[in-house]
Amino acid sequence: MRIVMQPARRSEKVVNKHYEDTIAKPVDFDQHAHLLDPQVISQLKELFPQGAAQMWGVVPGKKNVNVSRIKKMSPGDWVFFTGDNKVYFGGTIALMWRSRPLAEHLWDTDDNGSTWEYMYALSGTRGFEIPISEVRQLLGWEQTRNIMGISVLDDADSEALQTLLTLDAAPAAPAAPLDPQQEQEAVDAFDGELERKAQRAQRGEQAALKRRLLPGNTGECALCGRTLPGAFLIGAHIKKRAFCNEPEKRDLANIAMLACTFGCDAVYEHGYVTVDPAGALRVSPLAADIPEVAAYIQEKLTGRTVSWWNDSREPYYEWHRTHTFKGLPPA
């Protein structure tokens with residue numbers, strides 16, 4: 001999964017109008033069928049049975065400067081919308097196509113007579129509230145660097161952002177399969193680490209954390225409240241460990257909580273539940289898209305207040321709310 005950075009400042013009147021027209025209000029396929037290739041309509045309806053999808057587009061740019069960047073994008077990649085010093089929206093590229101007639105109909109043309117004809121539909125969208133300064137720091141960018149045009153991050157930067165924001169796969173058109181020879185060549189060409197060895201310091205920290213959270217043979221899951229054998233409880237970081245500074249990593253009394261492996265750890269880790277500033281569990285509206293997740297939350301978590309919450313732990317829960325929790329896209 002590659003990460004695509006899409007500059008789109010909603011403080012600009014034109015950008016905000018485009019967002020309202022085709023993101024806040026998904027595009028109905030049947031209403032625009034006369035402007036779409038039949039194969040594209042068929043793929044869209046397969047990916048979006050409800051008959052509508054959020055859409056965006058990219059202009060070719062002066063001397064087609066954006067075309068080479070667009071060619072690096074593919075269904076299954078994640079797109080982040082950035083503007084006004086933050087990342088505020090994102091989703092999976094479900095399908096890509098080119099249609100000048102549809103782009104002109106939806107968005108008209110710019111001052112140069114170009115339109116946003118390199119189009120894509122988005123699935124699994126959600127809202128964010130991430131300062132762009134935090135992205136710069138994470139990726140080692142200069143603090144003055146801005147995202148001036150659409151860009152595709154390399155594998156290392158993409159993996160770092162994916163880890164930061166817990167990006168889950170969403171429906172997307174399948175990539176063309178590799179033939180067996182291509183698959184073997186891809187394996188032979190890989191020169192990265194096949195295994196990553198844990199560092200002793202980290203193992204020691206995790207052991208100390210588990211002992212502090214679970215001094216006996218049983219413990220209570222902070223989210224569902226069930227008392228369970230220690231084998232079914234893990235020391236779950238409230239704020240992702242990879243993004244904690246050293247004092248936070250050493251704050252063993254507050255940085256983590258016990259979470260059960262029967263489901264609570266997963267729904268928290270993937271942002272389907274979070275903890276509000278008063279300690280009450282908040283459920284993501286996107287949980288309803290996965291019936292099994294919604295059923296688990298309804299049975300075990302709905303209406304609960306987390307006794308583990310306190311003022312000292314609130315900054316870590318606040319980080320989870322703004323970075324991991326799957327909130328609705330901004331209207």
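This is a predicted model: local features need pLDDT of at least 70, side-chain atom pairs count only at pLDDT 80 or more; totals for chains, interfaces and linings use all residues.
Strand 1 (3-7), helix 1 (13-22), strand 3 (52-58), strand 4 (78-83) and helix 5 (132-139) each contribute at least two residues to the lining of the largest pocket. Rolling a probe the size of a water molecule over the atoms shows where empty space is left. In the largest pocket that space comes to about 780 Å³. Its lining consists of 31 residues, and Pro7, Ala8, Ile147, Met148 and Gly149 are the ones nearest the centre. Sorted by class, the lining of the largest pocket holds 14 nonpolar, 10 polar and seven charged residues.

The second largest pocket has a volume of about 590 Å³. It is lined by 29 residues, with Ser123, Gly124, Thr125, Leu286 and Asp289 closest to its centre. By class, the lining of the second largest pocket divides into 20 nonpolar, five polar and four charged residues.

In soluble globular proteins, nonpolar side chains tend to be buried together. Here the largest nonpolar core has 33 residues, and Leu223, Cys260, Cys264, Leu301 and Tyr317 have the most contacts inside it. Several elements each give at least two residues to this core, among them helix 8 (200-213), helix 10 (264-269), helix 11 (291-300) and helix 12 (314-323). Strand 11 gives the most, four residues. Leaving aside neighbours within four places in sequence, Cys264 is in contact with Cys221, Leu223, Cys224, Tyr296 and Leu301. There is also a second, separate core of 23 residues, which includes Val40, Leu95, Leu102 and Ala173.

Cysteines have come up several times, which leaves the matter of disulfides. A disulfide is a covalent bond between the sulfur atoms of two cysteines. How many disulfides does the structure hold? The number is zero. Cys224 is buried, with a relative accessible area of 7%. Cys244 is in no disulfide either, and the nearest cysteine sulfur, that of Cys221, is 19 Å away. Cys244 is buried, with a relative accessible area of 7%.

Terms used. Residues are numbered from 1 along each chain as its sequence is written. Side-chain values use heavy atoms; hydrogens and water are left out. On a 1 Å grid over the protein atoms alone, a cavity is a set of points where a 1.4 Å probe fits but cannot get out, and a pocket is an open set with protein on both sides within 12 Å along at least five of seven lines; lining residues have an atom within 4 Å of a point. Grid points are joined across faces, edges and corners, and a volume is the space filled by probe spheres set on the points. Ala, Val, Leu, Ile, Met, Phe, Trp, Tyr, Cys and Pro count as nonpolar, Asp, Glu, Lys and Arg as charged, and the others, Gly among them, as polar. A disulfide is a pair of cysteine sulfur atoms within 2.5 Å. Buried means under 20% relative accessible area, exposed over 50%, partly exposed in between (1.4 Å probe, protein chains only). A nonpolar core is a set of buried Ala, Val, Leu, Ile, Met, Phe, Trp, Tyr and Cys residues joined through side-chain atoms within 4.5 Å. Contact means heavy atoms within 4.5 Å.
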